[in-house]
Structure formats: C-alpha cells, structure tokens
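Let's work through this model by question and answer. Look at the chain first, then read on.

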Amino acid sequence: MAAAAPAPALMDEIIEEILLRLPPSEPESLVRAALACKPWCRLISGARFRRRFREFHRTPPMLGFICNRLEDGSDYCGFVAHFVPTCSFRPPRPHADRRGWRAVDARHGRVLLYRNSALEPPAPGLVVWNPVTDERRQVFSMPRDLNEWNWNAAVLCAASDACDHLDCHDGPFLIALLDSSLDHMTLRVYSSEGMHSTS
C-alpha cells in the first residue's frame, strides 16, 4: 500500500484571511495562533497583518476601562488609576494599577495621568501611559500658576488630519491643558516632540 501524500500546505494568504477573522475581543486567540508555529508567528507579528486586522474589524474592542479609586492604607493614601478589564485580556498585574496617579483622559490606547504633589514628593506632573505595554512618557511638570482644582486636560492624536486612528497609539500626540479661574481661562497646548519615555 502506497504511503499517502502529505496534505499541501495552506497558502499564507489563506491562513492570513482565516486569522484576520479571529475575534478582536479575545486577543489571547492571536497569541495562541502565534505559538502554533514560526511562520504564523512571523505573520501575526508583522506590521502588515496588524494593520489589516485593525482595518478588518474597524472598531477596536474595549479591552477595559480606567477608573480612579481613592485608597487608604497604613503606608499609603491617595488616588490609584486602576485598569478594569471587560474581556479576557489582563495586563500583567504591576501594569494594572498606577498608585499615586489619577487618570485625567484616555484616547486611542493612551491614558493621561496626573500626579498630585501632596501625594508624591516630586513636583506634580502629567504622564501619558500605555496600560498594555506599561510605557510611560513624561509630559511636563505642571505650571506653577495652575489652579489646583480648576483645570482639565486631554490627550489628542497629533498625526496628520487623514489619521484613521487604527495605529497612531505610538505616534505623536498633543496635550491640551485648560486652566480656569473666576476672571480668566488659559489654554496651553504641548506637543510630544521632545518628551521622553520612562519605565
């Protein structure tokens, strides 16, 4: 009896089309597929696949949300910016909480955090945080003339006007800071150019 011929390997394009249809709300399925074999890992980790995956699903899944908690303890009292998952995705535990920080705004995978000088010894300041990778970019120290309670800020994409926000989370951004008092309002805009990353 003759040995059966091996099944022909699926073409990369067909595999890619199948993998594109994995649900974005279950990111662990892409991880499992990447662990199946080296060619699939190269395919999934490539920029082309990531871009096509975002284009195919258009609306990114909500992996979670950030909430501010006030935490009291014997050695700590203050805000905690806490990542609350809404699906099976869970960032590594140290990444889930930012003690001493308060979330001010979040857009396109970035979270704008504020540290109050009353809670931490360094000067108060803003940081842009990626809760998935734990990358933090120091934005600036808060202006000295800022009213502590009458301000708000937002993190905005600074890519070109044609940006579809599918993969701009690592790109340039702007911080708009609005300070108000009884007799005037001040708007400051800061660019990510010249800011540095911290870990």
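Helices (H or I, at least four residues) and strands (E, at least two) are DSSP runs, numbered from the N terminus. This is a predicted model, in which local features need pLDDT of at least 70 and side-chain atom pairs count only at pLDDT 80 or more, while totals for chains, interfaces and linings use all residues. Residues are numbered from 1 along each chain as its sequence is written, and side-chain values use heavy atoms, with hydrogens and water left out.

Q: What pLDDT does the chain average, and which element has the lowest mean?
A: pLDDT is the predictor's confidence in each residue, from 0 to 100. The chain averages 75, and 70% of the residues score at least 70. Helix 3 (residues 38-45) has the highest mean among the elements, 88, and the lowest, 42, belongs to strand 11 (residues 196-198).

Q: Why should coordinates be read with care where pLDDT is low?
A: Where pLDDT is low, the predicted coordinates should not be read in detail. Strand 11 has a mean pLDDT of 42.

Q: Which strand gives the largest share of the nonpolar patch?
A: The largest share, 3 residues, comes from strand 10 (residues 185-191).

Q: Is Leu 187 buried or exposed?
A: Buried means under 20% relative accessible area, exposed over 50%, and partly exposed in between (1.4 Å probe, protein chains only). Leu 187 lies in strand 10. Its relative accessible area is 57%, so Leu 187 is exposed.

Q: With which residue does Arg 52 form a salt bridge?
A: A salt bridge is a side-chain nitrogen of Lys or Arg within 4 Å of a carboxyl oxygen of Asp or Glu. The closest N and O atoms of the Arg 52 pair are 3.3 Å apart, and the partner is Glu 16. The pair links distant parts of the chain, 36 residues apart: Arg 52 in helix 4 (residues 47-57) and Glu 16 in helix 1 (residues 12-20).

Q: How many residues apart are Arg 51 and Glu 55 in helix 4?
A: Arg 51 forms a salt bridge with Glu 55, the closest N and O atoms being 3.1 Å apart. About one helical turn separates the two, because their spacing in helix 4 is 4 residues.

Q: Which residues are linked in a network of salt bridges?
A: A search of the whole structure finds 6 salt bridges. One of them joins Glu 17 and Arg 21, with the closest N and O atoms 3.0 Å apart. The linked residues are Glu 16, Glu 17, Arg 21, Arg 48 and Arg 52.

Q: How many residues of strand 6 are buried?
A: Gly 125, Val 127 and Trp 129 point one way from strand 6, Leu 126 and Val 128 the other way. Strand 6 (residues 125-129) is largely enclosed by the rest of the structure, because the buried count is 5 of the 5 residues.

Q: Which residue stands opposite Val 128?
A: Strand 5 (residues 110-115) and strand 6 pair in the antiparallel sense over 5 bridges (pairing needs at least two DSSP bridges). Opposite Val 128 in strand 6 stands Leu 112.
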